[in-house]
Amino acid sequence: MALLLTRPTISVAATARPISSFSFSSSISNSVKLKLAHHHPNLSSSISSSPEEEKKKTSRKLPILLFDVMDTIVRDPFYHDIPAFFRMSFNELIDCKHPTAWVDFEKGLINEMELARIFFKDGRPLDLDGLKDCMRSGFSYIDGVEALLHNLKQNNYEMHAFTNYPTWYTMIEDKLKISAYMSWTFCSCNTGKRKPQADSYMEVLSHLGVEPDKCIFIDDRMVNVEAAKNAGIVGIHFKDAASLQQELSQLGVETTSCSTNE
């Protein structure tokens with residue numbers, strides 16, 4: 001949920017870099033090692049994998065798929081439901097909320113009680129339980145996305161959530177059971193890093209231990225997609241489920257169910 005600015009309307013779609021095939025490279029390239037060493041100076045000794053880890057990595061099905069969550073997998077209630085909850089317009093909400101409280105919450109710097117205390121600039125009380133109930137009600141899968149995730153999971157792709165979100169991601173999980181398809185591996189509240197900062201992408205690559213071009217990142221915000229591309233990751237700008245399926249298929253990803261392929 002982006003609580004800093006009104007999201008701009010972007011009409012230009014990102015062109016995903018075509019890939020003829022995804023073959024795993026067992027070691028991280030020197031360029032990636034240099035980037036990781038710059039952003040994570042203490043990780044140099046952990047880049048080299050043990051023989052057991054190398055064997056596990058070699059058997060991985062590539063590419064690895066990285067998904068933004070809000071407005072890519074799940075409808076974001078912020079833009080309509082939450083202003084209605086507060087009985088104000090979206091612009092009024094932007095004007096009266098604290099400028100950094102939500103970002104700090106997303107990065108795990110404050111807890112929900114502190115968020116409630118500082119949410120409004122003028123110090124008015126926040127109905128925290130009511131806000132959480134409103135958000136729970138607003139969470140739903142974007143049309144067609146769950147079916148696509150089901151097919152990708154059935155085809156044994158490794159998938160991870162890569163999202164700017166606070167600890168309330170557990171409310172999404174409780175309602176929609178996203179972990180049936182992917183791991184909540186890269187949540188900003190746990191990593192302390194937010195997209196589109198470069199170090200958030202370096203964190204992902206160091207954790208996964210693969211070449212950046214063996215990952216595909218999907219996000220509805222072009223700025224995040226461009227940052228992924230700058231890190232060497234293949235980027236897709238999400239527009240809708242049908243377009244995503246088409247773009248993944250063009251990259252060689254199997255997007256139909258196993259039964260359909262038989």
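**Exercise 1. Find what the side chain of Lys195 makes a polar contact with, then work out its surroundings.**

Step 1. Start at the side chain of Lys195: it makes a polar contact with the side chain of Asp219, at 2.9 Å. A polar contact here is a pair of N or O atoms within 3.5 Å; within protein, one must be able to donate a hydrogen and the other to accept it, and residues adjacent in sequence count only if both atoms are side-chain atoms.

Before going on, a word on the model: it is predicted, so local features need pLDDT of at least 70 and side-chain atom pairs count only at pLDDT 80 or more, while totals for chains, interfaces and linings use all residues. Residues are numbered from 1 along each chain as its sequence is written, and side-chain values use heavy atoms, with hydrogens and water left out.

Step 2. Look for a backbone partner. The Lys195 side chain also reaches the backbone oxygen of Phe162, at 2.8 Å.

Step 3. Place Lys195 in the fold. You'll find Lys195 in the loop between α11 (188-191) and α12 (198-208). Helices (H or I, at least four residues) and strands (E, at least two) are DSSP runs, numbered from the N terminus.

Step 4. Check burial. Lys195 has a relative accessible area of 2%, so it is buried (buried means under 20% relative accessible area, exposed over 50%, partly exposed in between, with a 1.4 Å probe and protein chains only).

Step 5. Setting aside neighbours within four places in sequence, Lys195 is in contact with residues including Asp68, Thr163, Tyr201 and Asn224 (contact means heavy atoms within 4.5 Å).

**Exercise 2. Describe the aromatic pair of Phe162 and Phe186.**

Step 1. Recall what you need. A pair of aromatic rings is described by the distance of the centres and the angle of the planes. Rings of Phe, Tyr and Trp (its six-membered ring) pair if their centres lie within 6.5 Å; planes under 30 degrees apart count as stacked, over 60 as edge-to-face and the rest as tilted.

Step 2. Begin with the whole structure, where a search finds 16 aromatic pairs. One of them is Trp102 with Phe105, edge-to-face at 5.5 Å centre to centre and 80 degrees between the planes. These two are three residues apart in helix α6 (residues 101-106), so about one helical turn separates them. Trp102 and Phe105 are both buried.

Step 3. Now the pair you were asked about. Phe162 and Phe186 are edge-to-face as well, at 6.1 Å centre to centre with 70 degrees between the planes. This pair links distant parts of the chain: Phe162 sits in strand β2 (residues 159-163), Phe186 in strand β3 (residues 183-187), 24 residues apart.

**Exercise 3. Locate the largest nonpolar core.**

Step 1. A nonpolar core is a set of buried Ala, Val, Leu, Ile, Met, Phe, Trp, Tyr and Cys residues joined through side-chain atoms within 4.5 Å.

Step 2. The largest has 60 residues, and Phe67, Trp168, Ile172 and Ile178 touch the most other members. Domain 1 (64-75 + 141-251) and domain 2 (80-138) both give residues to this core, so it lies between them; the domain bounds come from an automatic or database domain assignment.

Step 3. Zoom in on Ile178. Beyond neighbours within four places in sequence, Ile178 is in contact with residues including Val69, Tyr141 and Trp184.

Step 4. Another core lies apart from that one: it has 17 residues, among them Tyr201, Val204, Cys215 and Ala227. Tyr201 and Val204 are among the buried residues of α12.
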